[in-house]
Amino acid sequence: RAAGAVTAAVRYYSRPEILFLVKKESFVPAPKVDSAVINLEILNEPPVEVLDEKFFMSVVKSCFAQRRKTLLNSVSNTLGISKETIKNALLKLGLSENVRGESLTLSNLADLSNLLYKK
């Protein structure tokens, strides 16, 4: 659960850095978790190349849409792409068909998006 669609989007557009932590006791009422102050250095160019940014973001969102499901099932269910097409793309990337979205790097997500993209 350390990674999600927001994490991928933030890393696509910026270079995030944790500046310092803020204890939950600093807030009233106190939340259940500590917080962090972050700096987002906006990038001039994304760190990965994608064929279509809008489609890339759709793939990223679909990879994390159903956390309890494998990426294969989640992407197929949310984007309507055949499981066979997704399996082939994962195979080309050297990834298991049982992989989950949180296991993929930003580069993996870009490569998957590019393989699934149809003009």
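The crossing of helices α2 and α3 is right-handed; a crossing counts as right-handed if the near helix is turned clockwise from the far one by less than a right angle, and as left-handed if anticlockwise. The contact is made by Ser58, Val59, Ser62 and Cys63 of α2 and by Leu71, Ser74, Val75, Thr78 and Leu79 of α3, where contact means heavy atoms within 4.5 Å. By class, this contact of α2 with α3 has 5 nonpolar, 4 polar and no charged residues. In that classification, Ala, Val, Leu, Ile, Met, Phe, Trp, Tyr, Cys and Pro are nonpolar, Asp, Glu, Lys and Arg are charged, and the others, Gly among them, are polar.

Before I continue, a word on the source. This is a predicted model, in which local features need pLDDT of at least 70 and side-chain atom pairs count only at pLDDT 80 or more, while totals for chains, interfaces and linings use all residues. Residues are numbered from 1 along each chain as its sequence is written, and side-chain values use heavy atoms, with hydrogens and water left out.

Now the geometry of this first pair. Helix α2 covers residues 53–63 and helix α3 residues 71–79; their axes come within 8 Å and cross at roughly 125°. That makes α2 oblique to α3: angles under 35 degrees count as roughly parallel, over 145 as roughly antiparallel, 65 to 115 as roughly perpendicular, and the rest as oblique. The axes are lines fitted to C-alpha atoms, for helices over the stretch in contact, and the angles run from 0 to 180 degrees between N-to-C directions.

Helix α4 (residues 83–92) and α5 pack at an angle of about 135°, with their axes 10 Å apart. Helices α4 and α5 are therefore oblique to each other, and their crossing is right-handed. Which residues make the contact of α4 and α5? On α4 they are Thr85, Ile86, Ala89, Leu90 and Lys92, and on α5 they are Leu112, Leu115 and Leu116. These residues divide into 6 nonpolar, 1 polar and 1 charged.

Let me place these helices in the chain. The chain has 5 helices and 2 strands, and along the sequence the pattern reads α-β-β-α-α-α-α. Helices (H or I, at least four residues) and strands (E, at least two) are DSSP runs, numbered from the N terminus. The C-alpha atoms fill a box of roughly 50 × 35 × 20 Å, taken along the principal axes. Of the 119 residues, 29% count as buried; buried means under 20% relative accessible area, exposed over 50%, and partly exposed in between, with a 1.4 Å probe and protein chains only. Among contacts between residues at least 6 apart in sequence, 56% join residues at least 24 apart.

The next topic is the aromatic residues. The structure holds 3 aromatic pairs. Rings of Phe, Tyr and Trp (its six-membered ring) pair if their centres lie within 6.5 Å; planes under 30 degrees apart count as stacked, over 60 as edge-to-face, and the rest as tilted. Tyrosine 12 and tyrosine 13 form an edge-to-face pair, at 4.9 Å centre to centre and 85° between the planes. Tyrosine 12 is buried, at 3% relative accessible area, whereas tyrosine 13 is partly exposed, at 38%. Phenylalanine 55 and tyrosine 117 have ring centres 5.5 Å apart and planes at 55°, so this pair is tilted. Phenylalanine 55 lies in helix α2 and tyrosine 117 in the segment after α5 (106–116), so the pair ties together parts that are 62 residues apart in sequence. Phenylalanine 55 counts as buried at 17% relative accessibility, and tyrosine 117 as partly exposed at 23%. Tyr12, Tyr13 and Phe56 form one aromatic cluster.

Phe55 and Phe56 return in the surroundings of serine 113, which touches both of them and Val59, not counting residues up to four places away in sequence.

Alanine 5 is partly exposed, at 25% relative accessible area, and touches Val60, Lys61 and Phe64, with residues up to four places away in sequence not counted. Alanine 5 and alanine 65 are 60 residues apart in sequence and 8.4 Å apart in space, C-alpha to C-alpha.

Finally, the backbone. Most peptide bonds are trans. A cis peptide bond joins valine 28 and proline 29, with omega about -10°. Proline 29 has its place in the loop between β1 (14–22) and β2 (35–42).
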